[in-house]
Amino acid sequence: MQSLKRLSVLFLFLISLSASAQNADSTSFEAQRMRVNKLIEDRKVKFGEYDMSLEKKTGIFGLFKSKDDMQKTIDILKNIVITDNNIFLETRRLISIKDDEKQKFQNLASEYDKQVSAYMATINKLQKENEKLKKERDNIDSSDKSTNIFLYIALGIIAVLGYLLYRNQKITKG
């Protein structure tokens, strides 16, 4: 029972240790997620600028797009593509963090499973040893009982012989 209490205390300690490590990993995950969300917001803003640049016509009498209007639209599209590439890179990092966390937790679970299996094996070994010692104690107790019986019989025989010797001496003297 004592070993079970120790095992549960150790298990709780390991859980608290992994929770503190999880907080650090969660913090980096959240920071990365915020970077991705900011890039997505930046892309939305740039896409809004792109929509406005498509409608902007500063050419002849405002009926046509000028070369500058088209160049600004192309530049905005280039910025959107760059932002998209950054979103993909940051998302890949985010997935990598998540995969690392998953792998770390799998490793921890495997390690804890090995430790628990080792504790269980130790507990089983100690229980078997305890049973063995109980059997030895019972054997010693039963051999002590038989030794005590032989001692009582021997004492009885000695007492009877003593009495007979005493009586025999009394008869020979008297």
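1. L161 sits in helix 2, which spans residues 67-173 (helices are DSSP runs of H or I with at least four residues, strands runs of E with at least two, numbered from the N terminus). With 48% relative accessibility, L161 counts as partly exposed, because buried means under 20% relative accessible area, exposed over 50%, and partly exposed in between (1.4 Å probe, protein chains only).

2. A word on the source: this is a predicted model, where local features need pLDDT of at least 70 and side-chain atom pairs pLDDT 80 or more, while totals for chains, interfaces and linings use all residues. Numbering runs from 1 along each chain as its sequence is written, and side-chain values use heavy atoms, leaving out hydrogens and water.

3. The chain exposes about 14200 Å², with 63% of that supplied by carbon and sulfur atoms (Shrake-Rupley areas, 1.4 Å probe).

4. Now for contacts, meaning heavy atoms within 4.5 Å. Of those in the protein chain between residues at least 6 apart in sequence, 70% join residues at least 24 apart.

5. Over in helix 1 (residues 2-55) there's S53, which counts as buried at 9% relative accessibility. Leaving aside residues up to four places away in sequence, S53 touches K65, T73 and I76. The S53 side chain also reaches the backbone oxygen of Y50 at 2.8 Å.

Conventions: A polar contact is a pair of N or O atoms within 3.5 Å; within protein, one must be able to donate a hydrogen and the other to accept it, and residues adjacent in sequence count only if both atoms are side-chain atoms.
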